[in-house]
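Please look at the sequence and the model together while reading.

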Amino acid sequence: LASMTETARALSPNTEGKESKLHCEEHQEELKLFCETDQQVICLICRDSREHRDHLFMPIKEAVQIYKEKIKTSLETLTKNESAMEEMEQQQKQKISEVQEQSQNMLTYISSIFADLRQILNEKERLIHKELREEEESVLNPMENNLREIQEKLKSIQKQLLKLKERMNQTDSLIFLKEETSQKGRVSDEVQTLSVADGSLAVGKFDHPFLLKTVFSEEIDGITRVS
């Protein structure tokens, strides 16, 4: 008997949107049943043949409904996952924005401390700015990498949703069943492995008292050595 894939290849485009009425290549009978055991569309004569003995059968419309219910479940799962990923994306962006704002505020604060000491502390300020930027980078890198993973996961979910919606809109029962039975797997409501990454700067070493103490100690030591 022709497999479902071979039967699908024989289909001609259904330009009028009507149900296809194909015939069995072996018996020239109209294909009316779906063999659940072999995942094939068959005719009544095929049903009674030795090849399909003790197999399970159902009407084509019933099979279509069953597979559409499976797609509906997948759609619901992916829609829920999409919403979760969109929310996670916004949370991650907010976390990154907070760290960036924190870094900018700290840079302004540091600059104000060095304003009165610009001539003698200009090089020191440059080094501390560099240190803070490196601190910011070390905090933001894993957060931004996590955001990219979230966005990739979201794109994957949206792509799957689009494909499922296209399959759900298939009006031709035989083509629909052929496509569905050829699917390798189904969408599952798996536990999300991604989460929002947190992070903050180690601001203690840039705080006013600690910073001034460190800077002046180093500067005084330098002056003492020179003297």
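**The nonpolar cores**

In the largest nonpolar core, which has 29 residues, the members that touch the most others are Leu31, Phe34, Val41, Ile60, Met85, Phe176 and Leu177. A nonpolar core here is a set of buried Ala, Val, Leu, Ile, Met, Phe, Trp, Tyr and Cys residues joined through side-chain atoms within 4.5 Å. Buried means under 20% relative accessible area, exposed over 50%, and partly exposed in between, with a 1.4 Å probe and protein chains only. At least two residues of this core come from each of strand E1 (33–35), strand E2 (40–42), helix H3 (60–113), helix H4 (118–168) and H5. H3 gives the most, with nine residues. Another core lies apart from this one; it has 12 residues, among them Ile110, Val139, Leu140 and Leu147. In soluble globular proteins, nonpolar side chains tend to be buried together.

The structure is a predicted model, in which local features need pLDDT of at least 70 and side-chain atom pairs count only at pLDDT 80 or more, while totals for chains, interfaces and linings use all residues. Residues are numbered from 1 along each chain as its sequence is written, and side-chain values use heavy atoms, with hydrogens and water left out.

Now take the chain as a whole. Its secondary structure comes to six helices and three strands, in the order α-β-β-α-β-α-α-α-α from the N terminus on. Helices (H or I, at least four residues) and strands (E, at least two) are DSSP runs, numbered from the N terminus. Of the 227 residues in the chain, 32% are buried. Among contacts (heavy atoms within 4.5 Å) with a separation of 6 or more, 70% are between residues 24 or more positions apart.

Leu31, one of the core residues named above, is in the loop between H1 and E1. Leu31 is buried, with a relative accessible area of 8%. Its C-alpha atom is separated by 10.0 Å from that of Pro59, which is 28 residues away along the chain. The loop between helix H1 (4–9) and E1 also holds Gln28. Gln28 has a positive phi of about 60° although it is not a glycine, and it is exposed, with a relative accessible area of 53%. Gln39, in the loop between E1 and E2, is not a glycine either and has a positive phi of about 55°. Gln39 is partly exposed, at a relative accessible area of 26%.

Which residues of helix H5 are buried? In H5 (residues 173–181) they are Ser173, Leu174, Phe176, Leu177 and Glu180. Seen down the axis of H5, these residues fall within an arc of 160°, so they line one face of the helix. The arc is that of the directions from the helix axis to the C-beta atoms. An α-helix has 3.6 residues a turn, so residues three or four places apart point the same way. At the start of H5, a side-chain oxygen of Asp172 comes to within 3.1 Å of the backbone nitrogen of Leu174.

Finally, consider confidence. The predictor's confidence in each residue is the pLDDT, from 0 to 100. The chain averages 79, and 76% of the residues score at least 70. Among the elements, H3 has the highest mean pLDDT (91) and H1 the lowest (36). The pLDDT is below 50 over residues 1–17, a stretch with 30 contacts beyond near neighbours in sequence in the model. It is also below 50 over residues 222–227, where the model has zero such contacts. Where pLDDT is low, the predicted coordinates should not be read in detail.

Notes: Polar contact = N/O pair within 3.5 Å; in protein donor to acceptor, adjacent residues only side chain to side chain.
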